Amino acid sequence: MGTSLDKLTIKGFKSIRELVDFELKNLNVVIGGNGSGKSNLISFFRMLRALIDGNLNRFIRDNGGAGDILFNGRKTTPKMEFEMKFGPRGFRFSLVPTPENSCAIEDEARYYEHSSRGWWKLGDSHDGTSSMVKEVLQNLPDAEYSRPVYDAIASWQVYHFHDTSQSAGMRNYEIVQDNRALRPDAANIAPFLLMLKEEYPDIFDDIRNTVRLVIPFFDDFILEPRKSGSKEEVNISWTQRGSDYPLQPYHFSDGSIRFICLAVSLLQPDPPSTVIIDEPELGLHPAAIGILAELIQAASQRTQVIAATQSPTLIDHFSIEDIIVANRKDNASTFGRLDEKDFSEWLKEYSVGELWTKNVIDGGPVYE
């Protein structure tokens, strides 16, 4: 997995005062109590995606402005610093608050370990536009050196399927052509499934059979495009066992449609090189959580998975060395990977989830 994330440094971002050269494996299950910093770790990846998409300062504004994402505010933290290593390459940058409460980029640089210079500085940007992204999109002279870094980071995807309301994209029609990649909120799940049915029938069958395990009355998807002006669009209509009456996406419960999105994201044929999912267990039955754990484990054999959870039932299905504990100390988030030898005696009688529930494994609520 040459483009998956190997080491991560975050300084001064939200509740994360300092996380230096933190190692990530193929499978990373982040646990912790409310307010421990799990979501802020996921938020870093959303911010990184915004930088790649040219929307960094929109992300900053949506999160309350620069002052609200600096660790303990401007008086404590003058700037945020980030560094990533993936395979032989790397990327770093700093974010500095501006008087307008947005951010400028400083010390942006790319890294290549086989280069004589190692880190290559890309300069600063007062408007929050990445010089690396500009090189690639405008095909500037050094684009060939920035492109592998850009492509790697662009291949990391945060999936967030929490919005299952009736107006959510996953429950509505989308144009058939929107099928190249599953969107972060699964708004194009119907055209994506239609593409899988036509081009990857074996994977489509795996998804359908997995959904049947969790939704026993589910029989099959109906993915029949309809005309909408000059375009074709499709939604995830479906049938239930023993009936050919077509049901609509709004007939799925929140947990059911969320599980469908999870199954598609984890079974897709060409997944992102790093898949990041926040609280995938939300709204799922305990039996469904066991199947979800199997999907996550299988996906981690093909790509890197980072999943943040508060479910003891979910972490019961993983090795203790897959677990990263988020905690708070001195009002700052800390992250540490567990070592099985530290819990060998406990594990003879208790599961990983039970050890967390009993607070043998740290990560419960912290009162300071």
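Leu-48, Arg-49 and Ile-52 in helix α1 meet Tyr-150, Ile-153 and Ala-154 in helix α5. Of the residues in this contact, five are nonpolar, none is polar and one is charged. This is a predicted model, so please keep that in mind throughout.

Now the geometry of the pair. Helix α1 covers residues 38–52 and helix α5 covers residues 143–154; their axes come within 10 Å and cross at roughly 135°. That angle makes α1 oblique to α5. The crossing of the two helices is left-handed.

Next, the nonpolar cores. The largest one has 63 residues. Ile-189, Leu-193, Phe-221, Ile-236, Ile-323 and Ile-361 have the most contacts inside it. The element that gives the most to this core is helix α8, residues 254–267, with nine residues.

Take Ile-189 from that list. Residues up to four places away in sequence are not counted here; beyond them, Ile-189 touches Met-170, Leu-182, Ile-236, Ile-260, Cys-261 and Val-264. There is also a second, separate core, with 49 residues, including Phe-59, Leu-95, Val-136 and Ile-324.

Last, Asn-179. Where is Asn-179 found? The residue sits in the loop between β9, residues 174–175, and α6, residues 189–199. Is Asn-179 buried, partly exposed or exposed? Its relative accessibility is 22%, so Asn-179 counts as partly exposed; the buried class is under 20%. Leaving aside neighbours within four places in sequence, Asn-179 is in contact with Asn-188, Pro-191, Phe-192 and Met-195. Between Asn-179 and Ile-189, 10 residues apart along the chain, the C-alpha atoms are separated by 8.1 Å.

Note on methods. Residues numbered from 1 in each chain as written. Predicted model: local features only at pLDDT ≥ 70, side-chain atom pairs only at ≥ 80, totals over all residues. Heavy atoms only, no water. Axes fitted to C-alpha atoms, helices over the stretch in contact; angles between N-to-C directions. Helix = DSSP H or I, 4+ residues; strand = E, 2+ residues; numbered from the N terminus. Parallel < 35°, antiparallel > 145°, perpendicular 65-115°, else oblique. Left-handed = near helix turned anticlockwise from the far one by under 90°. Contact = heavy atoms within 4.5 Å. Nonpolar A, V, L, I, M, F, W, Y, C, P; charged D, E, K, R; others polar. Core = buried A, V, L, I, M, F, W, Y, C linked by side-chain atoms within 4.5 Å. Buried < 20%, exposed > 50% of the residue type's maximum accessible area, 1.4 Å probe, protein only.
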